[in-house]
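Please go through the model below. The report takes it one site at a time.

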Amino acid sequence: MHVRINDFVAVMAGNEAGKTGKIIKVLTDKKRVIIKGINLIYKHTKPSQKNPQGGRIRKEASVAISNVLPVCQDKNCKKYNKGVRTRKKILENGVKLRMCVYCSSEITADE
Ligand SMILES: [Zn+2]
């Protein structure tokens, strides 16, 4: 998986292409991710105790994981704030890092 939860990603294809946001959920089996504020749909809900009126709520629908790339957040990168391909770097202690292919800065997820 090239992206993970809390990654700041850009959508590269589909209806939401060009938008960026943070991954709030990874649906591993379906190979899809849910990104905060992206691909919003209306979900119709029945009246419940929590929401006595019922009605429509805005909710994120999932996006194919193959359509998203992590965003490079290095200001000196020519792809700053855009989705970038990454390459892996494995440290001597076995830790895997993801590096931007353009500027080699590390891509990190927000904690
Ligand atoms: Zn970069």
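Ser104 sits in the segment after strand 9. Strands here are DSSP runs of E, at least two residues long, and helices are runs of H or I, at least four residues long; both are numbered from the N terminus. The model is predicted: local features need pLDDT of at least 70, side-chain atom pairs count only at pLDDT 80 or more, and totals for chains, interfaces and linings use all residues. Residues are numbered from 1 along each chain as its sequence is written, and side-chain values use heavy atoms, with hydrogens and water left out.

Phi of Ser104 is near 65°, a positive value in a residue other than glycine. Ser104 counts as partly exposed because its relative accessibility is 33%. The cut-offs are these: buried is under 20% relative accessible area, exposed is over 50%, and partly exposed is in between (1.4 Å probe, protein chains only). Asn6 also has a positive phi, near 75°, and is not a glycine. Asn6 belongs to the segment before strand 1. At 24% relative accessibility, Asn6 is partly exposed.

## The zinc site

Which atoms coordinate the zinc ion? The SG atoms of Cys72, Cys77, Cys100 and Cys103 do, at 2.2 to 2.3 Å. Donors are N, O and S atoms within 2.8 Å of the metal (3.2 Å for Na, K and Ca); water is not among the atoms, so sites may look incomplete. The angles among the 4 donor atoms run from 105 to 115°, and the site is tetrahedral. That label requires four donors with all angles between 85 and 135 degrees. Along the sequence, the donor residues follow the spacing C-x4-C-x22-C-x2-C.

Cys72 and Cys100 link distant parts of the chain, 28 residues apart. Cys72 is in the loop between strand 7 (68-70) and strand 8 (86-90), while Cys100 is in strand 9 (residues 96-100). Both Cys72 and Cys100 are buried. Cys100 counts as buried because its relative accessibility is 0%. Cys103 is partly exposed, at 27% relative accessibility.

How many disulfides are there? The count is 0, where a disulfide is a pair of cysteine sulfur atoms within 2.5 Å.

## Nonpolar cores

In soluble globular proteins, nonpolar side chains tend to be buried together. A nonpolar core is a set of buried Ala, Val, Leu, Ile, Met, Phe, Trp, Tyr and Cys residues joined through side-chain atoms within 4.5 Å. The largest one has 10 residues: Val3, Val9, Val11, Ile23, Val33, Ile35, Ile38, Val63, Ile65 and Val68. Strand 1 (8-11) and strand 3 (32-35) each supply at least two residues of this core. A second, separate core has 5 residues, including Cys72, Cys77, Val84 and Ile107.

Contact means heavy atoms within 4.5 Å. Beyond its neighbours within four places in sequence, Ile65 is in contact with Met1, His2, Val3, Lys31, Arg32 and Val33.

Is Glu16 buried or exposed? Glu16 is buried, because its relative accessible area is 15%. Glu16 lies in the loop between strand 1 and strand 2 (20-27). A polar atom of the Glu16 side chain is 3.0 Å from the backbone nitrogen of Asn39. Residues up to four places away in sequence aside, Glu16 touches Val11, Ile38 and Asn39.

Ile34 is part of strand 3. Ile34 is buried, at 14% relative accessibility. With neighbours within four places in sequence left aside, Ile34 is in contact with Lys22, Ile23, Ile24, Lys25, Leu27, Glu60 and Ser62. From Ile34 to Thr20 the C-alpha distance is 12 Å, across 14 residues of sequence.

Ala109 is in the segment after strand 9. Ala109 is buried, because its relative accessible area is 18%. Phe8 is 101 residues from Ala109 in sequence, but 6.7 Å from it in space, C-alpha to C-alpha. Neighbours within four places in sequence aside, Ala109 is in contact with Ile5, Asn6, Asp7 and Arg98.

Leu91 lies in the loop between strand 8 and strand 9. Leu91 is partly exposed, at 30% relative accessibility. Leu91 and Ala109 are 18 residues apart in sequence, and their C-alpha atoms are 18 Å apart.

Key:
Four donors count as tetrahedral if all angles lie between 85 and 135 degrees; four count as square planar and six as octahedral if opposite donors are over 155 degrees apart and all others between 65 and 115; anything else is irregular. A polar contact is a pair of N or O atoms within 3.5 Å; within protein, one must be able to donate a hydrogen and the other to accept it, and residues adjacent in sequence count only if both atoms are side-chain atoms.
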